[in-house]
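The following report describes the strands, helices and chain contact of the structure shown below.

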Amino acid sequence: MDLIKPGFGLVFWTIITFLILLFLLRKFAWKPILGAVSEREEGIKEALASAENARKEMENLQADNERILQEARAEREAMLKDAREIREQTIAKAETEAQEKASKIIEKAQAAIESEKKAAMAELKSHVAGLSLDIAEKVVRNELSNKDKQLKLVEDMLGEATLK
Amino acid sequence: MFVNSFNVRTFAANLKEGILKPQRMTLSTLKRTVFTVLFLSVFSFGFAKDAKEGGDDEKFDAKSMIMHHVKDAYGMHIITLNEGKEDEKHITIPLPVILWTDNGLTTFMSSEFHHDYHGHEIVEKNGGKFVNVHEKIYQLNAGETAVKLDEEGHPTNAEMPLDFSITRNVFMMWISVAVLLLIFFTAARRYKKSSDNVPSGIASFVEPLVVFVRDEIAKPMIGEHKYKKYMPYLLTVFFFIWINNIFGLIPILNGANLSGNIAFTMVLAIFTFIITTFSGNKNYWKHIFWMPGVPVPMKIFLAPIEIIGIFTKPISLMIRLFANITAGHIIILALMSLIFIFKSVAVAPVSVAFSLFIGIIEIVVTAIQAYIFTVLSALYFGMATEEAHH
(Lines give C-alpha, C1' and ligand atoms only; values in the text may rest on other atoms or scores of the structure.)
Protein backbone atom coordinates (compact mmCIF):
# COMPACT_ATOMS: atom_id res chain seq x y z
CA MET A 1 0.00 0.00 0.00
CA ASP A 2 2.99 2.22 -0.47
CA LEU A 3 1.31 3.40 -3.62
CA ILE A 4 -1.27 5.51 -1.81
CA LYS A 5 1.00 6.76 0.96
CA PRO A 6 2.42 10.14 0.03
CA GLY A 7 6.17 10.12 0.52
CA PHE A 8 7.42 12.92 2.73
CA GLY A 9 10.37 13.85 0.54
CA LEU A 10 8.31 14.20 -2.61
CA VAL A 11 5.66 16.26 -0.81
CA PHE A 12 8.38 18.54 0.51
CA TRP A 13 10.10 19.01 -2.84
CA THR A 14 6.80 19.35 -4.73
CA ILE A 15 5.65 22.19 -2.45
CA ILE A 16 8.94 24.04 -2.83
CA THR A 17 9.23 23.40 -6.56
CA PHE A 18 5.64 24.33 -7.25
CA LEU A 19 5.84 27.58 -5.31
CA ILE A 20 9.05 28.56 -7.08
CA LEU A 21 7.58 27.60 -10.44
CA LEU A 22 4.41 29.55 -9.70
CA PHE A 23 6.41 32.60 -8.69
CA LEU A 24 8.76 32.49 -11.67
CA LEU A 25 6.10 31.79 -14.27
CA ARG A 26 3.76 34.38 -12.78
CA LYS A 27 6.37 37.08 -12.89
CA PHE A 28 8.24 36.27 -16.08
CA ALA A 29 5.76 34.35 -18.23
CA TRP A 30 2.08 34.77 -17.40
CA LYS A 31 2.26 38.51 -16.80
CA PRO A 32 3.94 39.39 -20.10
CA ILE A 33 2.01 36.81 -22.12
CA LEU A 34 -1.42 37.63 -20.72
CA GLY A 35 -0.59 41.33 -20.82
CA ALA A 36 0.41 41.13 -24.45
CA VAL A 37 -2.64 39.07 -25.35
CA SER A 38 -5.09 41.37 -23.60
CA GLU A 39 -3.32 44.46 -24.94
CA ARG A 40 -3.62 43.10 -28.44
CA GLU A 41 -7.24 42.20 -27.88
CA GLU A 42 -7.93 45.72 -26.65
CA GLY A 43 -6.17 47.04 -29.73
CA ILE A 44 -8.27 44.88 -32.01
CA LYS A 45 -11.42 45.92 -30.19
CA GLU A 46 -10.51 49.58 -30.52
CA ALA A 47 -9.60 49.19 -34.17
CA LEU A 48 -12.91 47.50 -34.85
CA ALA A 49 -14.80 50.19 -32.98
CA SER A 50 -13.04 52.99 -34.84
CA ALA A 51 -13.65 51.23 -38.15
CA GLU A 52 -17.30 51.00 -37.22
CA ASN A 53 -17.33 54.70 -36.34
CA ALA A 54 -15.66 55.58 -39.60
CA ARG A 55 -18.23 53.51 -41.44
CA LYS A 56 -21.06 55.30 -39.65
CA GLU A 57 -19.52 58.68 -40.36
CA MET A 58 -19.13 57.72 -43.97
CA GLU A 59 -22.77 56.71 -44.05
CA ASN A 60 -23.73 60.03 -42.50
CA LEU A 61 -21.66 61.90 -45.04
CA GLN A 62 -23.23 59.99 -47.85
CA ALA A 63 -26.67 60.69 -46.46
CA ASP A 64 -25.76 64.37 -46.20
CA ASN A 65 -24.53 64.42 -49.75
CA GLU A 66 -27.67 62.77 -50.93
CA ARG A 67 -29.77 65.28 -49.03
CA ILE A 68 -27.85 68.25 -50.35
CA LEU A 69 -28.10 66.95 -53.86
CA GLN A 70 -31.81 66.45 -53.41
CA GLU A 71 -32.20 69.97 -52.12
CA ALA A 72 -30.20 71.42 -54.98
CA ARG A 73 -32.30 69.53 -57.45
CA ALA A 74 -35.49 70.72 -55.80
CA GLU A 75 -34.22 74.28 -55.77
CA ARG A 76 -33.31 74.16 -59.41
CA GLU A 77 -36.71 72.85 -60.27
CA ALA A 78 -38.35 75.53 -58.18
CA MET A 79 -36.26 78.19 -59.87
CA LEU A 80 -37.13 76.87 -63.30
CA LYS A 81 -40.76 76.81 -62.38
CA ASP A 82 -40.60 80.37 -61.07
CA ALA A 83 -38.87 81.54 -64.19
CA ARG A 84 -41.46 79.92 -66.36
CA GLU A 85 -44.24 81.52 -64.36
CA ILE A 86 -42.63 84.91 -64.47
CA ARG A 87 -42.18 84.64 -68.21
CA GLU A 88 -45.75 83.66 -68.69
CA GLN A 89 -46.91 86.42 -66.41
CA THR A 90 -44.78 88.95 -68.22
CA ILE A 91 -46.10 87.87 -71.55
CA ALA A 92 -49.64 87.92 -70.31
CA LYS A 93 -49.17 91.32 -68.75
CA ALA A 94 -47.59 92.72 -71.89
CA GLU A 95 -50.46 91.37 -73.93
CA THR A 96 -53.09 92.88 -71.75
CA GLU A 97 -51.25 96.18 -71.60
CA ALA A 98 -50.91 96.24 -75.36
CA GLN A 99 -54.54 95.37 -75.67
CA GLU A 100 -55.48 98.14 -73.32
CA LYS A 101 -53.32 100.66 -75.06
CA ALA A 102 -54.60 99.66 -78.43
CA SER A 103 -58.16 99.90 -77.32
CA LYS A 104 -57.47 103.26 -75.70
CA ILE A 105 -55.92 104.54 -78.93
CA ILE A 106 -58.85 103.23 -80.87
CA GLU A 107 -61.21 104.87 -78.44
CA LYS A 108 -59.35 108.14 -78.71
CA ALA A 109 -59.31 107.89 -82.48
CA GLN A 110 -63.00 107.17 -82.53
CA ALA A 111 -63.64 110.04 -80.21
CA ALA A 112 -61.53 112.33 -82.41
CA ILE A 113 -63.30 111.15 -85.53
CA GLU A 114 -66.59 111.72 -83.83
CA SER A 115 -65.67 115.23 -82.79
CA GLU A 116 -64.17 115.97 -86.21
CA LYS A 117 -67.28 114.63 -87.77
CA LYS A 118 -69.41 116.82 -85.52
CA ALA A 119 -67.25 119.82 -86.29
CA ALA A 120 -67.41 119.09 -90.00
CA MET A 121 -71.14 118.67 -89.79
CA ALA A 122 -71.44 121.95 -87.94
CA GLU A 123 -69.26 123.69 -90.47
CA LEU A 124 -71.19 122.12 -93.26
CA LYS A 125 -74.34 123.16 -91.63
CA SER A 126 -73.10 126.73 -91.30
CA HIS A 127 -71.80 126.61 -94.89
CA VAL A 128 -75.10 125.31 -96.11
CA ALA A 129 -76.83 127.97 -94.14
CA GLY A 130 -74.53 130.68 -95.58
CA LEU A 131 -74.90 129.33 -99.05
CA SER A 132 -78.58 129.13 -98.64
CA LEU A 133 -78.56 132.67 -97.47
CA ASP A 134 -76.38 133.71 -100.42
CA ILE A 135 -78.63 131.89 -102.81
CA ALA A 136 -81.55 133.33 -101.21
CA GLU A 137 -79.98 136.78 -101.45
CA LYS A 138 -79.11 136.34 -105.09
CA VAL A 139 -82.45 134.87 -105.83
CA VAL A 140 -83.99 137.72 -104.10
CA ARG A 141 -81.80 140.13 -106.05
CA ASN A 142 -82.59 138.55 -109.39
CA GLU A 143 -86.14 138.42 -108.58
CA LEU A 144 -85.97 141.87 -107.92
CA SER A 145 -84.38 142.85 -111.34
CA ASN A 146 -85.73 140.57 -113.87
CA LYS A 147 -88.15 138.03 -113.40
CA ASP A 148 -86.79 135.73 -115.96
CA LYS A 149 -83.36 136.31 -115.04
CA GLN A 150 -84.22 135.85 -111.54
CA LEU A 151 -85.70 132.44 -112.22
CA LYS A 152 -82.82 131.53 -114.38
CA LEU A 153 -80.49 132.54 -111.68
CA VAL A 154 -82.23 130.45 -109.18
CA GLU A 155 -82.12 127.52 -111.45
CA ASP A 156 -78.42 128.04 -112.11
CA MET A 157 -77.71 128.47 -108.59
CA LEU A 158 -79.52 125.40 -107.75
CA GLY A 159 -77.71 123.62 -110.52
CA GLU A 160 -74.39 124.76 -109.06
CA ALA A 161 -75.22 123.94 -105.61
CA THR A 162 -75.37 120.29 -105.97
CA LEU A 163 -75.10 118.71 -102.72
CA LYS A 164 -72.47 116.23 -102.76
CA MET B 1 -20.34 -11.23 -14.48
CA PHE B 2 -20.13 -14.76 -15.91
CA VAL B 3 -17.45 -13.77 -18.37
CA ASN B 4 -15.44 -12.21 -15.60
CA SER B 5 -15.50 -15.17 -13.26
CA PHE B 6 -14.74 -17.46 -16.16
CA ASN B 7 -11.68 -15.48 -16.95
CA VAL B 8 -10.63 -15.33 -13.35
CA ARG B 9 -10.50 -19.10 -13.29
CA THR B 10 -8.81 -19.39 -16.66
CA PHE B 11 -6.23 -16.89 -15.73
CA ALA B 12 -5.57 -18.41 -12.34
CA ALA B 13 -5.30 -21.84 -13.92
CA ASN B 14 -2.86 -20.58 -16.48
CA LEU B 15 -0.71 -19.10 -13.82
CA LYS B 16 -0.75 -22.21 -11.61
CA GLU B 17 -0.05 -24.65 -14.41
CA GLY B 18 2.70 -22.54 -15.72
CA ILE B 19 3.10 -21.74 -19.36
CA LEU B 20 0.73 -21.60 -22.25
CA LYS B 21 2.49 -23.14 -25.22
CA PRO B 22 2.66 -21.10 -28.42
CA GLN B 23 1.20 -23.99 -30.42
CA ARG B 24 -1.94 -23.82 -28.38
CA MET B 25 -2.58 -20.19 -29.17
CA THR B 26 -5.94 -20.27 -30.88
CA LEU B 27 -8.49 -17.61 -31.55
CA SER B 28 -10.30 -18.39 -28.33
CA THR B 29 -7.09 -18.05 -26.40
CA LEU B 30 -6.58 -14.72 -28.01
CA LYS B 31 -10.02 -13.65 -26.92
CA ARG B 32 -9.30 -14.88 -23.47
CA THR B 33 -6.08 -12.95 -23.50
CA VAL B 34 -7.96 -9.79 -24.28
CA PHE B 35 -10.24 -10.30 -21.33
CA THR B 36 -7.33 -11.26 -19.17
CA VAL B 37 -5.64 -8.00 -20.05
CA LEU B 38 -8.63 -6.02 -18.95
CA PHE B 39 -8.82 -8.07 -15.84
CA LEU B 40 -5.17 -7.81 -15.05
CA SER B 41 -5.23 -4.08 -15.40
CA VAL B 42 -7.77 -3.85 -12.63
CA PHE B 43 -6.65 -6.60 -10.31
CA SER B 44 -2.98 -6.79 -11.12
CA PHE B 45 -2.08 -6.55 -7.44
CA GLY B 46 -3.62 -9.75 -6.24
CA PHE B 47 -2.79 -11.95 -9.17
CA ALA B 48 0.77 -10.89 -9.55
CA LYS B 49 1.16 -11.86 -5.95
CA ASP B 50 -0.02 -15.38 -6.73
CA ALA B 51 2.56 -15.59 -9.44
CA LYS B 52 5.24 -14.56 -7.02
CA GLU B 53 4.38 -17.13 -4.41
CA GLY B 54 3.92 -20.08 -6.75
CA GLY B 55 6.88 -19.37 -8.95
CA ASP B 56 10.37 -20.77 -9.24
CA ASP B 57 13.48 -18.64 -9.84
CA GLU B 58 12.61 -18.09 -13.49
CA LYS B 59 9.11 -16.90 -12.70
CA PHE B 60 8.40 -13.39 -13.85
CA ASP B 61 7.01 -11.21 -11.10
CA ALA B 62 4.65 -8.80 -12.84
CA LYS B 63 3.51 -7.05 -9.69
CA SER B 64 6.91 -6.15 -8.42
CA MET B 65 8.01 -5.03 -11.88
CA ILE B 66 4.93 -2.84 -12.29
CA MET B 67 5.13 -1.43 -8.78
CA HIS B 68 8.79 -0.58 -9.21
CA HIS B 69 7.97 1.27 -12.38
CA VAL B 70 5.01 3.12 -11.00
CA LYS B 71 6.52 4.08 -7.65
CA ASP B 72 9.34 6.40 -6.82
CA ALA B 73 12.99 5.29 -6.78
CA TYR B 74 16.32 6.64 -5.57
CA GLY B 75 18.14 6.25 -8.86
CA MET B 76 17.16 6.87 -12.44
CA HIS B 77 17.45 3.37 -13.83
CA ILE B 78 17.71 3.32 -17.63
CA ILE B 79 18.49 -0.28 -18.64
CA THR B 80 20.00 -3.56 -17.39
CA LEU B 81 22.46 -5.31 -19.70
CA ASN B 82 23.18 -9.06 -19.58
CA GLU B 83 20.56 -9.62 -16.94
CA GLY B 84 21.07 -12.71 -14.81
CA LYS B 85 24.57 -13.35 -16.09
CA GLU B 86 28.01 -12.87 -14.59
CA ASP B 87 28.65 -9.52 -16.21
CA GLU B 88 25.24 -8.04 -15.38
CA LYS B 89 25.42 -4.30 -15.80
CA HIS B 90 22.96 -1.60 -14.79
CA ILE B 91 22.92 1.74 -16.49
CA THR B 92 21.57 4.22 -13.98
CA ILE B 93 21.73 7.93 -13.33
CA PRO B 94 22.68 8.17 -9.64
CA LEU B 95 20.75 10.73 -7.65
CA PRO B 96 21.53 12.24 -4.27
CA VAL B 97 20.05 10.71 -1.15
CA ILE B 98 19.42 13.31 1.53
CA LEU B 99 18.41 12.10 4.97
CA TRP B 100 17.81 13.82 8.26
CA THR B 101 18.93 11.43 10.97
CA ASP B 102 19.64 11.72 14.68
CA ASN B 103 23.20 12.61 13.71
CA GLY B 104 22.08 15.42 11.44
CA LEU B 105 22.07 15.71 7.70
CA THR B 106 23.37 12.63 5.90
CA THR B 107 23.92 12.61 2.17
CA PHE B 108 25.29 10.11 -0.32
CA MET B 109 24.65 9.09 -3.88
CA SER B 110 22.06 6.45 -4.66
CA SER B 111 24.70 4.51 -6.57
CA GLU B 112 26.18 3.41 -3.25
CA PHE B 113 23.35 0.89 -2.95
CA HIS B 114 24.65 -0.77 -6.13
CA HIS B 115 21.13 -1.20 -7.51
CA ASP B 116 20.08 -3.24 -4.52
CA TYR B 117 16.60 -2.68 -3.16
CA HIS B 118 16.22 -5.81 -1.08
CA GLY B 119 18.13 -4.48 1.93
CA HIS B 120 21.30 -6.50 1.32
CA GLU B 121 23.63 -3.60 0.63
CA ILE B 122 24.36 -1.60 3.76
CA VAL B 123 25.67 1.93 3.36
CA GLU B 124 27.47 3.33 6.38
CA LYS B 125 27.43 7.09 6.54
CA ASN B 126 27.62 9.61 9.34
CA GLY B 127 27.48 6.92 12.01
CA GLY B 128 24.36 5.27 10.63
CA LYS B 129 23.70 2.14 8.60
CA PHE B 130 21.23 2.55 5.75
CA VAL B 131 19.51 -0.01 3.59
CA ASN B 132 17.18 0.31 0.61
CA VAL B 133 14.14 -1.93 1.01
CA HIS B 134 11.86 -1.61 -2.01
CA GLU B 135 12.95 1.96 -2.66
CA LYS B 136 12.47 3.06 0.92
CA ILE B 137 15.54 3.90 2.94
CA TYR B 138 15.70 2.52 6.47
CA GLN B 139 18.27 3.21 9.13
CA LEU B 140 19.26 0.09 11.03
CA ASN B 141 18.80 0.32 14.75
CA ALA B 142 22.02 0.65 16.74
CA GLY B 143 23.95 -2.59 16.97
CA GLU B 144 22.18 -4.33 14.08
CA THR B 145 24.30 -5.58 11.21
CA ALA B 146 21.67 -6.87 8.78
CA VAL B 147 18.09 -5.95 8.06
CA LYS B 148 15.39 -8.38 9.17
CA LEU B 149 12.16 -8.44 7.20
CA ASP B 150 8.78 -9.58 8.41
CA GLU B 151 6.39 -11.63 6.29
CA GLU B 152 5.12 -8.63 4.38
CA GLY B 153 8.63 -7.50 3.58
CA HIS B 154 8.83 -4.65 6.07
CA PRO B 155 12.01 -4.31 8.14
CA THR B 156 11.55 -5.03 11.82
CA ASN B 157 14.84 -3.77 13.17
CA ALA B 158 15.13 -0.48 11.34
CA GLU B 159 13.56 2.99 11.38
CA MET B 160 12.79 5.35 8.53
CA PRO B 161 14.68 8.63 8.77
CA LEU B 162 13.24 11.88 7.40
CA ASP B 163 13.88 11.52 3.72
CA PHE B 164 14.53 14.59 1.54
CA SER B 165 16.18 12.60 -1.24
CA ILE B 166 16.22 13.80 -4.80
CA THR B 167 14.38 10.76 -6.07
CA ARG B 168 13.73 10.16 -9.75
CA ASN B 169 10.34 11.85 -9.43
CA VAL B 170 11.92 14.94 -7.90
CA PHE B 171 14.58 14.82 -10.60
CA MET B 172 11.99 14.56 -13.35
CA MET B 173 9.95 17.31 -11.71
CA TRP B 174 12.94 19.62 -11.92
CA ILE B 175 13.54 18.67 -15.53
CA SER B 176 9.90 19.43 -16.26
CA VAL B 177 10.25 22.77 -14.46
CA ALA B 178 13.31 23.55 -16.56
CA VAL B 179 11.41 22.69 -19.74
CA LEU B 180 8.40 24.76 -18.65
CA LEU B 181 10.55 27.75 -17.81
CA LEU B 182 12.39 27.43 -21.10
CA ILE B 183 9.17 27.24 -23.10
CA PHE B 184 7.35 30.07 -21.38
CA PHE B 185 10.28 32.43 -20.84
CA THR B 186 11.10 32.10 -24.53
CA ALA B 187 7.47 32.72 -25.39
CA ALA B 188 7.29 35.75 -23.11
CA ARG B 189 10.47 37.17 -24.64
CA ARG B 190 8.90 36.82 -28.09
CA TYR B 191 6.18 39.25 -27.07
CA LYS B 192 8.67 41.72 -25.68
CA LYS B 193 10.61 41.67 -28.93
CA SER B 194 7.63 42.20 -31.19
CA SER B 195 6.38 45.76 -31.26
CA ASP B 196 2.73 44.92 -31.91
CA ASN B 197 2.29 41.94 -29.56
CA VAL B 198 1.92 39.53 -32.44
CA PRO B 199 3.03 36.05 -31.38
CA SER B 200 5.77 34.36 -33.34
CA GLY B 201 7.77 31.18 -32.94
CA ILE B 202 7.00 29.26 -29.78
CA ALA B 203 4.69 32.02 -28.61
CA SER B 204 2.25 31.19 -31.39
CA PHE B 205 2.16 27.63 -30.07
CA VAL B 206 1.81 28.64 -26.45
CA GLU B 207 -0.68 31.43 -26.88
CA PRO B 208 -3.70 29.32 -27.94
CA LEU B 209 -3.16 27.13 -24.88
CA VAL B 210 -2.89 30.10 -22.54
CA VAL B 211 -5.93 31.72 -24.14
CA PHE B 212 -7.75 28.38 -23.87
CA VAL B 213 -7.12 28.25 -20.13
CA ARG B 214 -8.29 31.84 -19.83
CA ASP B 215 -11.38 31.68 -22.07
CA GLU B 216 -12.56 28.09 -21.60
CA ILE B 217 -11.54 27.45 -18.00
CA ALA B 218 -11.07 30.61 -15.95
CA LYS B 219 -13.70 32.93 -17.43
CA PRO B 220 -16.68 30.53 -17.50
CA MET B 221 -15.87 28.93 -14.14
CA ILE B 222 -14.89 31.96 -12.08
CA GLY B 223 -16.52 34.83 -13.90
CA GLU B 224 -15.45 37.75 -16.02
CA HIS B 225 -14.55 40.04 -13.13
CA LYS B 226 -12.62 37.83 -10.76
CA TYR B 227 -10.80 35.37 -12.95
CA LYS B 228 -7.63 37.44 -13.32
CA LYS B 229 -6.44 36.82 -9.78
CA TYR B 230 -6.46 33.05 -10.29
CA MET B 231 -4.92 32.95 -13.76
CA PRO B 232 -1.29 32.40 -12.67
CA TYR B 233 -2.24 29.46 -10.47
CA LEU B 234 -4.53 27.86 -13.05
CA LEU B 235 -2.01 28.23 -15.86
CA THR B 236 0.84 26.91 -13.75
CA VAL B 237 -1.16 23.93 -12.53
CA PHE B 238 -2.42 23.13 -16.01
CA PHE B 239 0.98 23.13 -17.68
CA PHE B 240 2.79 21.56 -14.72
CA ILE B 241 0.41 18.61 -14.67
CA TRP B 242 0.30 18.28 -18.42
CA ILE B 243 4.03 18.26 -18.96
CA ASN B 244 4.57 15.78 -16.14
CA ASN B 245 1.83 13.55 -17.55
CA ILE B 246 3.65 13.62 -20.87
CA PHE B 247 7.04 12.96 -19.29
CA GLY B 248 5.53 9.99 -17.49
CA LEU B 249 4.76 8.43 -20.87
CA ILE B 250 8.31 8.59 -22.22
CA PRO B 251 9.58 5.02 -21.92
CA ILE B 252 13.31 5.74 -21.80
CA LEU B 253 12.84 7.84 -18.68
CA ASN B 254 11.64 4.59 -17.17
CA GLY B 255 8.21 5.95 -16.47
CA ALA B 256 9.13 8.48 -13.85
CA ASN B 257 5.58 8.69 -12.75
CA LEU B 258 5.36 12.05 -11.01
CA SER B 259 1.77 13.00 -11.76
CA GLY B 260 0.78 9.41 -10.91
CA ASN B 261 2.31 9.80 -7.49
CA ILE B 262 -0.11 10.62 -4.73
CA ALA B 263 2.36 12.96 -3.03
CA PHE B 264 2.42 15.20 -6.08
CA THR B 265 -1.35 15.22 -6.61
CA MET B 266 -1.88 15.75 -2.90
CA VAL B 267 0.27 18.88 -2.87
CA LEU B 268 -1.57 20.37 -5.84
CA ALA B 269 -4.95 19.47 -4.35
CA ILE B 270 -3.91 21.10 -1.07
CA PHE B 271 -2.96 24.27 -2.92
CA THR B 272 -6.38 24.32 -4.57
CA PHE B 273 -7.99 23.70 -1.18
CA ILE B 274 -6.04 26.52 0.47
CA ILE B 275 -6.83 29.01 -2.29
CA THR B 276 -10.50 27.99 -2.28
CA THR B 277 -10.77 28.33 1.48
CA PHE B 278 -9.01 31.67 1.64
CA SER B 279 -10.96 33.20 -1.22
CA GLY B 280 -14.31 32.00 0.16
CA ASN B 281 -16.60 35.00 0.66
CA LYS B 282 -19.54 35.47 2.98
CA ASN B 283 -21.90 33.90 0.48
CA TYR B 284 -19.73 30.77 0.17
CA TRP B 285 -19.59 30.15 3.91
CA LYS B 286 -23.27 30.91 4.22
CA HIS B 287 -23.99 28.18 1.69
CA ILE B 288 -21.96 25.76 3.74
CA PHE B 289 -23.14 26.45 7.27
CA TRP B 290 -26.64 27.84 6.77
CA MET B 291 -27.92 27.02 3.29
CA PRO B 292 -30.26 29.81 2.20
CA GLY B 293 -33.59 29.09 0.61
CA VAL B 294 -34.36 25.80 2.39
CA PRO B 295 -36.35 25.05 5.57
CA VAL B 296 -34.49 25.07 8.90
CA PRO B 297 -34.38 21.27 9.40
CA MET B 298 -32.92 21.01 5.92
CA LYS B 299 -30.32 23.65 6.78
CA ILE B 300 -29.23 21.62 9.80
CA PHE B 301 -29.18 18.48 7.71
CA LEU B 302 -27.14 20.05 4.89
CA ALA B 303 -24.48 21.75 6.99
CA PRO B 304 -22.45 18.62 7.87
CA ILE B 305 -22.70 17.40 4.26
CA GLU B 306 -21.40 20.73 3.00
CA ILE B 307 -18.61 20.74 5.58
CA ILE B 308 -17.53 17.28 4.44
CA GLY B 309 -17.83 18.58 0.90
CA ILE B 310 -15.12 21.19 1.55
CA PHE B 311 -12.68 18.35 2.05
CA THR B 312 -13.97 15.79 -0.42
CA LYS B 313 -13.48 18.24 -3.28
CA PRO B 314 -9.68 18.44 -3.02
CA ILE B 315 -9.48 14.77 -2.07
CA SER B 316 -11.32 13.83 -5.23
CA LEU B 317 -8.93 16.04 -7.19
CA MET B 318 -5.99 14.25 -5.61
CA ILE B 319 -7.33 10.75 -6.23
CA ARG B 320 -8.60 11.42 -9.74
CA LEU B 321 -5.27 12.56 -11.15
CA PHE B 322 -3.26 9.96 -9.23
CA ALA B 323 -5.54 7.06 -10.19
CA ASN B 324 -5.91 8.01 -13.84
CA ILE B 325 -2.23 8.38 -14.50
CA THR B 326 -1.18 5.38 -12.42
CA ALA B 327 -3.86 3.21 -14.00
CA GLY B 328 -2.59 4.13 -17.44
CA HIS B 329 0.93 3.10 -16.50
CA ILE B 330 -0.25 -0.12 -14.90
CA ILE B 331 -2.29 -1.08 -17.96
CA ILE B 332 0.59 -0.55 -20.36
CA LEU B 333 3.03 -2.40 -18.11
CA ALA B 334 0.55 -5.21 -17.54
CA LEU B 335 0.07 -5.61 -21.27
CA MET B 336 3.81 -5.85 -21.71
CA SER B 337 4.07 -8.29 -18.80
CA LEU B 338 1.78 -10.69 -20.65
CA ILE B 339 4.65 -11.57 -22.96
CA PHE B 340 6.71 -12.68 -20.00
CA ILE B 341 3.85 -14.26 -18.10
CA PHE B 342 2.96 -16.45 -21.07
CA LYS B 343 6.63 -16.79 -22.04
CA SER B 344 5.55 -16.65 -25.63
CA VAL B 345 6.64 -14.38 -28.44
CA ALA B 346 3.25 -14.99 -30.03
CA VAL B 347 1.67 -12.76 -27.40
CA ALA B 348 3.99 -9.90 -28.27
CA PRO B 349 2.03 -8.53 -31.27
CA VAL B 350 -1.14 -8.51 -29.20
CA SER B 351 0.60 -6.89 -26.27
CA VAL B 352 2.28 -4.29 -28.40
CA ALA B 353 -0.90 -3.53 -30.33
CA PHE B 354 -2.85 -3.11 -27.13
CA SER B 355 -0.23 -1.03 -25.41
CA LEU B 356 0.00 1.14 -28.49
CA PHE B 357 -3.75 1.60 -28.33
CA ILE B 358 -3.66 2.39 -24.62
CA GLY B 359 -0.61 4.56 -25.19
CA ILE B 360 -2.50 6.71 -27.66
CA ILE B 361 -5.40 6.98 -25.23
CA GLU B 362 -2.90 7.95 -22.55
CA ILE B 363 -1.59 10.78 -24.72
CA VAL B 364 -5.12 12.15 -24.83
CA VAL B 365 -5.51 11.49 -21.11
CA THR B 366 -2.42 13.61 -20.32
CA ALA B 367 -4.21 16.68 -21.60
CA ILE B 368 -7.65 15.67 -20.34
CA GLN B 369 -6.49 15.12 -16.78
CA ALA B 370 -4.57 18.39 -16.72
CA TYR B 371 -7.70 20.08 -18.06
CA ILE B 372 -10.00 18.41 -15.54
CA PHE B 373 -7.79 19.30 -12.59
CA THR B 374 -7.64 22.91 -13.75
CA VAL B 375 -11.34 23.16 -14.56
CA LEU B 376 -12.37 21.75 -11.19
CA SER B 377 -9.93 24.01 -9.35
CA ALA B 378 -11.37 26.96 -11.24
CA LEU B 379 -14.88 25.75 -10.47
CA TYR B 380 -14.10 25.63 -6.75
CA PHE B 381 -12.63 29.13 -6.90
CA GLY B 382 -15.74 30.24 -8.74
CA MET B 383 -17.98 28.74 -6.08
CA ALA B 384 -15.94 30.38 -3.34
CA THR B 385 -16.17 33.83 -4.89
CA GLU B 386 -19.71 33.69 -6.23
CA GLU B 387 -21.90 36.58 -5.15
CA ALA B 388 -25.36 36.00 -3.74
CA HIS B 389 -28.09 36.37 -6.33
CA HIS B 390 -31.12 34.78 -4.76
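In this predicted model, strands β5, β6, β7 and β8 of chain B form an open sheet in the order β5-β6-β7-β8, and the pairing is antiparallel. The edges of this four-stranded sheet are β5 (123-125) and β8 (158-159) of chain B, each of which pairs on one side only. β5(B) is joined by three bridges to β6 (residues 128-133) of chain B, and these two strands run antiparallel. Across this pair, B:Val123 stands opposite B:Phe130 in β6(B).

Chain B also contains an open sheet of three strands, ordered β4-β3-β9 and again with antiparallel pairing. Here the edge strands are β4 (104-109) and β9 of chain B, each pairing on one side only. β3(B) and β4(B) form a hairpin with two residues between them.

| Strand pair | Bridges | Direction |
|---|---|---|
| β3(B) and β4(B) | six | antiparallel |
| β3(B) and β9(B) | two | antiparallel |
| β5(B) and β6(B) | three | antiparallel |

B:Leu99 has B:Thr106 in β4(B) as its bridge partner, while B:Trp100 is partnered by B:Leu162 in β9(B). As a general point, side chains in a regular strand alternate between the two faces of the sheet.

In one pair, the axes of α5(B) and α6(B) come within 10 Å and cross at roughly 130 degrees. This angle makes α5(B) oblique to α6(B), and the crossing of α5(B) past α6(B) is right-handed. The residues of α5(B) that take part in the contact are B:Val210, B:Val213, B:Arg214, B:Ile217, B:Ala218, B:Lys219 and B:Ile222; they meet B:Tyr227, B:Tyr230, B:Met231, B:Leu234, B:Leu235 and B:Phe238 in α6(B). By class, this contact has eleven nonpolar and two charged residues, with no polar residues.

In the other pair, α9 (residues 296-342) and α10 (residues 347-385) of chain B have axes that come within 10 Å and cross at roughly 175 degrees. Angles over 145 degrees count as roughly antiparallel, so α9(B) is roughly antiparallel to α10(B). The contact of α9(B) with α10(B) divides into 19 nonpolar, six polar and three charged residues.

The description now turns to chain A. This chain has two helices and zero strands. Its radius of gyration is 64 Å, well over the 15 Å that the globule rule gives for 164 residues, so chain A is more spread out than a compact globule. The C-alpha atoms of chain A fill a box of roughly 200 × 30 × 15 Å along the principal axes.

The two chains meet in a contact that takes 30 residues from chain A and 38 residues from chain B. On the chain B side, two or more residues each come from β9 (162-163), α4 (168-193), α5 (202-222), α6 (227-249) and α7 (262-279). The largest share of that side, 13 residues, comes from α4(B). By class, the side of chain B that touches chain A has 27 nonpolar, six polar and five charged residues.

Methods:
Residues are numbered from 1 along each chain as its sequence is written. Chains are lettered from A and ligands numbered from 1 in the order in which they are written. This is a predicted model: local features need pLDDT of at least 70, side-chain atom pairs count only at pLDDT 80 or more; totals for chains, interfaces and linings use all residues. Two residues are in contact if their C-beta atoms, placed from the backbone, lie within 7 Å. Ala, Val, Leu, Ile, Met, Phe, Trp, Tyr, Cys and Pro count as nonpolar, Asp, Glu, Lys and Arg as charged, and the others, Gly among them, as polar. Two strands pair if DSSP finds at least two bridges between them. Axes are lines fitted to C-alpha atoms, for helices over the stretch in contact, and angles run from 0 to 180 degrees between N-to-C directions. Angles under 35 degrees count as roughly parallel, over 145 as roughly antiparallel, 65 to 115 as roughly perpendicular and the rest as oblique. A crossing is left-handed if the near helix is turned anticlockwise from the far one by less than a right angle, and right-handed if clockwise. The radius of gyration is taken over C-alpha atoms; the globule rule is 2.2 Å times the number of residues to the power 0.38.
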